[in-house]
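Colleague: I'd like to learn how to read a model like this one. Could you walk me through it?

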Amino acid sequence: MDSRKIIVTGCNGQLGRAIGREFEGDDRYELIGCDVTAEIKLDITDTDAVMKFVRDTAPEAIINCAAYTAVDKQETDRELSMKINAIGPRNLAIAASEAHAKLIHISTDYVFSGETSDHPRTEFDPVGPVSVYGRTKLAGEEFVKQFADRYFMIRTAWLYGDGHNFAKTMLELSKTHDELTVVDDQLGTPTSAKELARCIHALLPTDNYGLFHGTCEGDTNWAAFAERVLKLAGKDTRVVHVSTEEYMKKNPGSARRPAYSILDNYMLRLTDAYTFADWEAAIEEYFGDGLV
Ligand SMILES: NC(=O)c1ccc[n+]([C@@H]2O[C@H](COP(=O)([O-])OP(=O)(O)OC[C@H]3O[C@@H](n4cnc5c(N)ncnc54)[C@H](OP(=O)(O)O)[C@@H]3O)[C@@H](O)[C@H]2O)c1
């Protein structure tokens with residue numbers, strides 16, 4: 001079978017790297033990784049560059065792993081946030097349609113307000129972002145729906161992999177602190193980039209298009225997640241539990257985050273597409289892979 005070209009934008013990020021590893025050895029595909037800092041440079045906010053690159057490459061699919069993910073920084077960097085998280089996916093959606101390519105785009109649990117905690121959120125629940133990041137990612141979703149002919153849009157959460165993430169921050173801080181202060185009233189599900197890459201690998205050859213929630217199974221809070229990470233690393237650093245209110249008083253510039261953002265992988269389940277591992281198994285696998 002001829003290998004089919006897949007453009008991976010943001011290939012140097014956590015998910016981009018996990019995609020590279022996941023598709024290694026699958027000779028149905030030829031991955032073409034690009035990023036603002038990669039050997040093949042592509043800035044997804046540059047409309048002309050995106051159109052030319054996609055036209056010249058004529059890919060079977062584009063996997064968009066590029067994003068502006070520094071949530072707090074974006075509260076005061078709104079235009080760049082909108083450019084990368086909304087205009088970027090818009091450009092890719094237009095280019096993918098013109099090239100008759102599939103588009104895989106990644107969104108976030110932060111499109112929800114998380115104000116009520118009555119049930120895990122499905123793809124059919126109303127959105128209401130409370131941060132700049134959440135709002136610009138939602139605008140990106142809307143552009144994908146508007147301009148992409150065939151797309152898989154996956155909302156994930158609390159992602160960790162080969163790159164900057166909460167687990168690594170906790171381990172880094174534990175080198176210089178005996179105790180760490182972490183909020184315990186925000187609920188969600190840590191999700192490994194490796195599991196998300198496996199889900200993308202499963203969806204890619206199908207015609208099972210649309211919006212999906214894609215997180216590991218189960219749920220926890222940030223303080224309990226920190227405790228699990230420290231325990232797996234054999235650290236005896238103490239985790240001091242605080243409320244979001246207390247944390248925000250000490251860190252007034254921080255972005256608001258949804259208190260409850262547990263996602264239900266409802267569409268993946270309804271379509272028998274992919275079952276994510278439990279978050280506890282996935283974080284153990286992460287340590288086993290030696291990425292920390
Ligand atoms: N991380 C999370 O906790 C989390 C949670 C929910 C959803 N998500 C979503 O999951 C996806 C993958 O996240 P991730 O954690 O893998 O992100 P990441 O590690 O921050 O990687 C994003 C990559 O995109 C690159 N990039 C930034 N601006 C770009 C531009 N204009 N053009 C091309 N590339 C650009 C970044 O380069 P620089 O590093 O040089 O800027 C980086 O290599 C994103 O859509 C994100 O919104 C992430």
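Colleague: How do the residues of the shell around the ligand divide into nonpolar, polar and charged?

Modeller: First, this is a predicted model: local features need pLDDT of at least 70, side-chain atom pairs count only at pLDDT 80 or more, and totals for chains, interfaces and linings use all residues. Residues are numbered from 1 along each chain as its sequence is written. Ala, Val, Leu, Ile, Met, Phe, Trp, Tyr, Cys and Pro count as nonpolar, Asp, Glu, Lys and Arg as charged, and the others, Gly among them, as polar. Here the shell holds 12 nonpolar, 12 polar and 3 charged residues.

Colleague: Which residues come nearest to the ligand?

Modeller: A residue is near a molecule if its C-beta atom, placed from the backbone, lies within 6 Å of it. Of the 27 residues around the ligand, Gly10, Gly13, Gln14, Ala66 and Ala67 come nearest. H1, helix H3 (78-98) and strand E4 (102-108) each give two or more residues to this shell.

Colleague: How many helices and strands are there in the chain?

Modeller: Both are DSSP runs numbered from the N terminus: helices are H or I with at least four residues, strands E with at least two. The chain has 10 helices and 12 strands.

Colleague: At what angle do H1 and H6 pack?

Modeller: Axes are lines fitted to C-alpha atoms, for helices over the stretch in contact, and angles run from 0 to 180 degrees between N-to-C directions. Helix H1 (residues 14-23) and helix H6 (residues 193-203) pack at about 55 degrees, their axes 8 Å apart. H1 and H6 are therefore oblique to each other, since angles under 35 degrees count as roughly parallel, over 145 as roughly antiparallel, 65 to 115 as roughly perpendicular and the rest as oblique.
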